Each structure stands twice: as C-alpha cells, then as structure tokens.
Amino acid sequence: MKQRQIRKLTALLLALALLAGCGAAPGAAGDGDPESALRSTRYLDSMDTVIELTACGKGREAALDAAAAEIGRLNALLSIGLEESEVSRLNREGSGTLGADAAYLLRRALEIHAATGGAFDPTVYPLMALWGFPDGNCRVPSQDEIRETLARVGAERIVFDAQTGAVTLDEGQALDLGGIAKGYASQRIMEIFRENGVRSGIVNLGGNVQCLGAKPDGTAWRVGVRNPDTEAGGLVAVVAVKDRAVISSGGYERFFVDEESGLTYEHIMDPGTGMPVRGELAQVTVVTADGTLGDALSTALYIMGLEAAAEYWRAHSGQFDAVFVLRDGSVWITAGLEGSASAVKGGPALQVLR
C-alpha cells in the first residue's frame, strides 16, 4: 500500500477510534426490533480517500448499495483528476452548463466564499498546481510565479447563473470543488440512508465523518478528533454527536520539506497570499448538521487563524461549532460543545471560546 493510502486509512481509523458499533445492549434496540441493532459496513476507495460506510437496522444492505453507487456517481461528476468530469470539462473549455449537483456545490461554494471574506475559494487549483501538490512534484515557486498565478485566483470573478447552471470562468481560472465535495457526499449518504429506512448510521470519508441519528440504543456517536502531531499520534478530544457532521482540516496529511531551506510547506493554500498556510492553527474540526458547510468551513477557518475564526463563529454560532487545535498543543472548543466534547486521558484540557 502506498504511503499516502496508509495515511488515509490511519486518519479514518483514528477518527473512528472511539466510535462504539451499532450493536445495542440486550433489550435496548431503539424500536423494539432486534434487527435494528444489526449493522453492515462497506469500505471504498474513492474521492481520493478511503471511505467507510456503516448502516444499522432494516434496509441497511440496500442503503449501502445505493450509497456506494452515489459516491461513484459524484466522483465521476466532480473529480478534477478525471478528464471527463463536469468540472474538468469546464476547466478545459472555460464555460459550460453544470448539472444539478455541481451547480448546487458551486452555488454553496460562492456563498461561503463571500461569507468568509474569500478565505474559502474554489479557484485556488492553479496555486495548488504551481506548488506541485496535485501530482506530487512539489517545489517552492518564485515570487514572480506566485504573483502571476494569484492573478487567476478569485471566485468572485466567476460568472454563474444558479438557475440554469451556466458558468463562465475568468481567463486562466480553474474550478476545484474538492474542498466541499466530500461534505456534500456525506450529506447525500444521510439522505440515501433515510430513503432506505435506515435510522442509524455513519460515514467516514477520510476524516469527514457524518452521523445519522443516534446509535440504536439511543446514545450518541463518539467521534475522535485526531492529534495533528503525527509523531505523537492518537486523539486530542472526543465529540459526542447525533445527526451531525464532524469534519477536520489540517496540513499534516499533505506537505513537503524544501531541501534547500528545510522549511515545511503544507497543502492548504491561502488565496490571499498564494502561499501555503502556516499559522498558529494545526487543525480545525467543524461540528454541524450541514456536511457541505462543514467541509468548506473547516478549510476557511484554518486559513483565517484562531482569532478571526472565533469571531466568525460568534457571528454564525447557530450554524456550527468547532474544535481548534493549536501548534503549541492547546485545544479550544466553542461554547456550544460544552458537555458534548471531552478531553482524552493524558491529553490537553479543553479551553472554551465564548
């Protein structure tokens, strides 16, 4: 198995490390039917990550079949790594009409771009390519190259008709919906589970976790927040959730060390500077009912830094809560997570933002 695949699987296992299974205690099945405590699990390699799908109760096999098919469909539509995806065709041609899924995601991406003051930007792909992250040929570009590439970044320059799905990119732009697609996929899986009669389930798309309902015994799912210090490993916190997504972003999974300077450069790009982010935050985990929002916000808040991210939460606290892990090892949670987030044994105490 390649090193990157190992990291993905490790992230998946860590995120679920403290999740109890679907099985309820004897006599505790939520609807009085013993079958409601049974579970089925599938593993997939798609959307550039390792995916684990678990559904409990009646309809679970049909739900997993439909969810796996949906993941494949969305990957074929949205992946910038596939030449015939809708997004890749748009990037080649500069304009086109998106189908319902891609159009919905672009609309949400542009809304979040505006709300976060541009911190979340679905047009940063040219910067990613300049630094070599997509193909692994990483390097530190010159300041002239960065300035030239920055001129092609800016989602506000996209011309988009949300009613028809018609899109025109500015010259030299490239759209990448990867920063929001996994959250949308997890949201769709929850819908598919419900459509198939599943009332309890969970999906992990390489660290993007979303839960349906509670476990069959009525208790909350327990989702581990991994330690971004990959050498130390383990978890820094556990969040108990029902009907929520728990989505993390950090630079620890994709990075390179420049041989000349010895500096480490991580893959999350600041659309304002054209440089990889290297601030005080090591990881941001967003807890929300809206997986699509959570996926985008985890990146945006990471780029903002703790102070600006905390201010953003205060203005939008009805939409999400968050766990912030700093590079100094301290962990902060927003006030909405008091009572549901807990520190791990031997780990740092959780400090509360209000």
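**A strand and its surroundings**

Modeller: W332 is found in strand β15. Please keep in mind that this is a predicted model.

Colleague: Is W332 buried, partly exposed or exposed?

Modeller: The relative accessible area of W332 is 22%. A residue counts as buried under 20% and as exposed over 50%, with partly exposed in between. Therefore W332 is partly exposed.

Colleague: Leaving aside neighbours within four places in sequence, with which residues is W332 in contact?

Modeller: Here a contact means heavy atoms within 4.5 Å. Some of the partners belong to β14, which spans residues 321–326. Once the neighbours within four places are set aside, the partners of W332 are L306, A322, V323, F324, L326, Q351, V352 and L353.

Colleague: What distance separates the C-alpha atoms of W332 and A310?

Modeller: Along the chain, W332 and A310 are 22 residues apart.

Colleague: Which residues stand opposite V323 of β14?

Modeller: In β15, the bridge partner of V323 is I333. The residue opposite V323 that remains to be named is T285.

Colleague: Which residues of β14 point one way, and which the other way?

Modeller: In a regular strand, side chains alternate between the two faces of the sheet. In β14, six of six residues are buried. One way point D321, V323 and V325; the other way point A322, F324 and L326.

Colleague: Which residue in the hairpin of β14 and β15 takes a positive phi?

Modeller: This hairpin has four residues between its strands. The positive phi there is near 95 degrees, and the residue is G329.

**Two aspartates in loops**

Colleague: Where is D48 found, and what is its phi?

Modeller: D48 lies in the loop between β1 (39–46) and β2 (49–56). With 45% relative accessibility, D48 counts as partly exposed. Its phi is positive, although the residue is other than glycine, and lies near 60 degrees.

Colleague: What is the phi of D243?

Modeller: D243 is found in the loop between β9 (235–241) and β10 (245–249). Its relative accessible area is 34%, so D243 is partly exposed. D243 is not a glycine, yet its phi is positive, at about 50 degrees.

**A pocket and the whole protein**

Colleague: Which residues lie nearest the centre of the second largest pocket?

Modeller: Rolling a probe the size of a water molecule over the atoms shows where empty space is left. About 410 Å³ of space lies in the second largest pocket, and β12 (264–266) and β14 each supply at least two residues of its lining. Among the 19 lining residues, those nearest the centre are P228, D229, T230, Y252 and R327.

Colleague: How does the lining of the second largest pocket divide by residue type?

Modeller: The lining holds 19 residues. They divide into nine nonpolar, five polar and five charged.

Colleague: Finally, what share of the residues of the protein counts as buried?

Modeller: The protein has nine helices and 17 strands. Its accessible surface comes to about 15200 Å². Of its 354 residues, the share that counts as buried is 53%.

Key: Residues numbered from 1 in each chain as written. Predicted model: local features only at pLDDT ≥ 70, side-chain atom pairs only at ≥ 80, totals over all residues. Heavy atoms only, no water. Buried < 20%, exposed > 50% of the residue type's maximum accessible area, 1.4 Å probe, protein only. Areas by Shrake-Rupley, 256 points an atom, 1.4 Å probe, with all protein chains shown as cover. 1 Å grid on protein atoms, 1.4 Å probe; cavity = no way out; pocket = protein on both sides within 12 Å on 5 of 7 lines; lining within 4 Å. Points joined across faces, edges and corners; volume = space filled by probe spheres on them. Nonpolar A, V, L, I, M, F, W, Y, C, P; charged D, E, K, R; others polar. Pairing = 2+ DSSP bridges.
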